[in-house]
Amino acid sequence: MPPRPIAAPAGARRYLAAAATLAPQGDGTHRARVGARDHVLTGAERAALLACERLRPLDDHAGAQPTPERARAVPALAARGLLVGEDELLARLAERRPVEPPPPPLERLTVFSCARPALAVAAVREHLEAARGAARPLTITVVDDARAPAATEVVRQGLTGFAGVHVVDRAEREGLAASLARAAGVEEALVREAVLGSDPTGPTGGAARSAALLLAAGDLLATTDDDAHAAAGVPAGVRDDLLRIARSADPTRLAVFRAREAAFAALRPEERPAFACFDAVLGRACATLATEHPGERELDVAVHRVLEANPGEAARVRLAALGLAGDAGASHPAYPLLAGPRDRAALIDAWGSARYSREQVRCAPAVTLSSSPFFMSGFAAFDARSLLPPFLPDGRAPDATFAAVLRRMAPADLVAHLPRVHLHDPPERRAHADPLEVLACPSANELLPAVIAKLPVSAPCATERLVELGGALRGVATDATLPWLLDAQIRAIATARVARLTEALEAAAAYPGGAAFAEDVEDALHRVRETLARPRLAPRDHPRDALGAVAARWSSYGAILEAWPRIFSAAARRRGAAG
């Protein structure tokens with residue numbers, strides 16, 4: 001059956017900036033190369049072009065420009081082919097749409113646990129019951145990070161008799177590391193670190209996630225934690241008729257609540273189990289999703305990543321994520337102070353009763369295919385049918401680093417953020433001793449994504465790019481300039497936070513009832529400015545020998561990246577041989 005015709009909405013003439021390579025000329029003008037053609041732009045024309053990053057009518061683009069000169073430049077840019085119309089974008093996307101069947105439904109789920117046997121057993125039973133209710137086959141792997149084998153044995157006993165359930169303890173991951181090291185021809189210690197971590201007391205959730213990817217190599221996989229429910233929720237105001245392709249740094253919307261019960265009450269139930277929500281997007285070509293979407297589309301310049309994918313590397317959704325309702329997980333409770341204007345008024349309203357609350361609803365308002373490395377892995381899905389990178393083994397919040405590496409390895413692939421939330425319901429109520437201090441000092445893991453984004457990578461294919469990226473990261477970690485690099489990255493984060501907090505302070509001052517919010521913003525500003533004046537890492541991560549710890553962690557991760565294509569390939573062969 002031929003693909004159905006696609007078209008822009010009737011009467012709409014919307015444009016966005018063409019994919020242009022810009023370079024200064026030295027005389028105040030700029031050269032813009034679009035395809036094989038060169039254009040010379042004035043400074044005002046260049047600024048106007050960069051501002052046209054979203055599909056909008058020409059009049060709207062012109063009206064959004066801050067000066068008359070830039071407003072006059074907009075129709076001229078369109079006439080010169082420097083703005084591309086929606087019809088042309090959709091036609092080009094249709095040309096990039098591969099002829100292939102959709103991926104199979106997702107049938108594998110990994111549940112991560114760490115010495116919480118009762119919680120792990122209850123979670124597995126809940127997911128299996130949800131799958132049965134939806135008439136969906138589901139196999140579940142429990143990756144238990146408990147250091148004491150007895151805790152994992154309790155999980156095994158609790159799940160005795162449940163078909164399709166496999167419990168993996170640290171001893172089995174040691175065996176996996178030894179087997180894959182032999183098959184891949186790499187050092188066993190390197191694979192052990194990748195799947196077990198090297199920190200004997202700290203968090204090693206990234207290593208557990210890497211192990212899950214290896215155990216599912218060649219297949220589609222969903223993952224979640226033992227304190228997440230099998231059901232999904234639908235926040236108010238989300239739109240299922242809208243598809244967005246965007247480079248937004250964070251495409252989610254945020255609301256805070258005083259109590260978890262209030263956060264859950266703000267949702268309506270989703271009919272499908274949480275793991276089944278990924279079927280419509282995971283593994284699918286982005287061009288197919290964009291052109292076959294029956295409703296409204298919002299595109300920005302991220303669409304050029306889809307259109308410029310290398311031949312044979314169709315841009316795909318390799319990662320997909322649900323939003324979150326309930327405990328915020330890795331996010332610190334001062335995060336709302338940094339929220340953008342779209343959420344700020346509601347957050348100021350809630351601040352008096354929900355100050356520093358970890359109870360949130362955070363979700364994309366529509367299906368959003370994003371080129372940003374932003375990624376929440378609380379309930380996520382992975383297309384592991386081809387190479388995916390490893391997670392950073394040790395430390396907190398490995399999600400952003402994973403997504404940043406994927407972006408460099410496979411620059412055309414996008415992350416899908418779905419307008420559904422998983423219900424994160426840990427039995428304990430969590431809090432930080434000093435949430436503003438958490439906001440003030442970035443951790444080493446927070447710095448790494450920005451470093452990865454700037455590493456030189458030029459190889460032509462994903463496998464070679466990952467190897468090249470690993471070598472470049474090892475070079476940075478062992479270079480004498482690492483202290484200056486860390487200072488620069490800490491200052492960059494602090495500078496961005498000062499700007500955002502200053503905006504928040506101005507908004508709170510003008511908002512009735514914003515005094516409590518403004519007080520905390522002022523305190524946060526003071527602390528972040530201290531970090532800007534004297535850059536320092538968060539002491540919770542590296543209280544001693546911070547520089548040496550960062551260098552060792554980054555160097556080890558670089559070595560893992562270099563060896564990972566061989567490790568992943570060996571894992572895929574191992575699964576294939578096992579049937």
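**Helix pairs and open sheets**

Tutor: Helix H8 (residues 188–196) packs on helix H9 (residues 205–215) at an angle of about 105°, and their axes are 5 Å apart. H8 is therefore roughly perpendicular to H9. From H8, the contact takes Glu193, Ala194, Val195 and Leu196; from H9, Ala207, Ala208, Ser210, Ala211 and Leu214. Sorted by class, this contact has 7 nonpolar, 1 polar and 1 charged residues.

The model is predicted: local features need pLDDT of at least 70, side-chain atom pairs count only at pLDDT 80 or more, and totals for chains, interfaces and linings use all residues. Numbering runs from 1 along each chain as its sequence is written, and side-chain values use heavy atoms, with hydrogens and water left out.

Now the terms. Helices (H or I, at least four residues) and strands (E, at least two) are DSSP runs, numbered from the N terminus. Axes are lines fitted to C-alpha atoms, for helices over the stretch in contact; angles run from 0 to 180 degrees between N-to-C directions. Under 35 degrees counts as roughly parallel, over 145 as roughly antiparallel, 65 to 115 as roughly perpendicular, and the rest as oblique. Contact means heavy atoms within 4.5 Å. Ala, Val, Leu, Ile, Met, Phe, Trp, Tyr, Cys and Pro count as nonpolar; Asp, Glu, Lys and Arg as charged; the others, Gly among them, as polar.

Next, helix H14 (residues 399–409) and helix H16 (residues 444–454). Their axes lie 8 Å apart, at an angle of about 5°. That makes H14 roughly parallel to H16. H14 brings Ala400, Thr401, Ala404, Val405 and Arg408, which meet Asn445, Leu448, Pro449, Ile452, Ala453 and Lys454 of H16. The class count for this contact is 7 nonpolar, 2 polar and 2 charged residues.

The angle is about 70° and the axes are 8 Å apart. H1 and H3 are therefore roughly perpendicular to each other. Ala44, Glu45, Ala47, Ala48, Leu49 and Ala51 of H1 meet Glu69, Arg70, Ala73 and Leu77 of H3. There are 7 nonpolar, no polar and 3 charged residues in this contact.

Two strands pair if DSSP finds at least two bridges between them.

Take the bridges in turn. E2 and E3 run antiparallel and are joined by 4 bridges. Proline 24 has histidine 30 of E3 as its bridge partner. The E2 and E3 hairpin has 5 residues between the strands, and glycine 26 there takes a positive phi near 95°. Strand E3 (residues 30–34) and E4, also antiparallel, are joined by 5 bridges. Histidine 30 is paired with leucine 41 in E4. Arginine 33 has aspartate 38 as its bridge partner in E4. The E3 and E4 hairpin leaves 2 residues between the strands, with glycine 35 in the turn at a positive phi of about 65°.

Another open sheet has 3 strands in the order E5-E1-E6, paired antiparallel. Strand E5 (56–57) and strand E6 (83–85) are its edges, each with a single partner strand, so one side of each has no neighbour in the sheet. Strand E1 (residues 14–17) is joined to E5 by 2 bridges, and the two run antiparallel. Arginine 14 has proline 57 in E5 as its bridge partner. Helix H4 (residues 86–95) lies across E1 and E6, at about 70° to E6.

Finally, the setting. The protein has 20 helices and 20 strands. Its average pLDDT, the predictor's confidence in each residue from 0 to 100, is 89, and 94% of the residues score at least 70. Treat the start with care: over residues 1–11 pLDDT stays under 50, and the model has 16 contacts beyond four places in sequence for that stretch.
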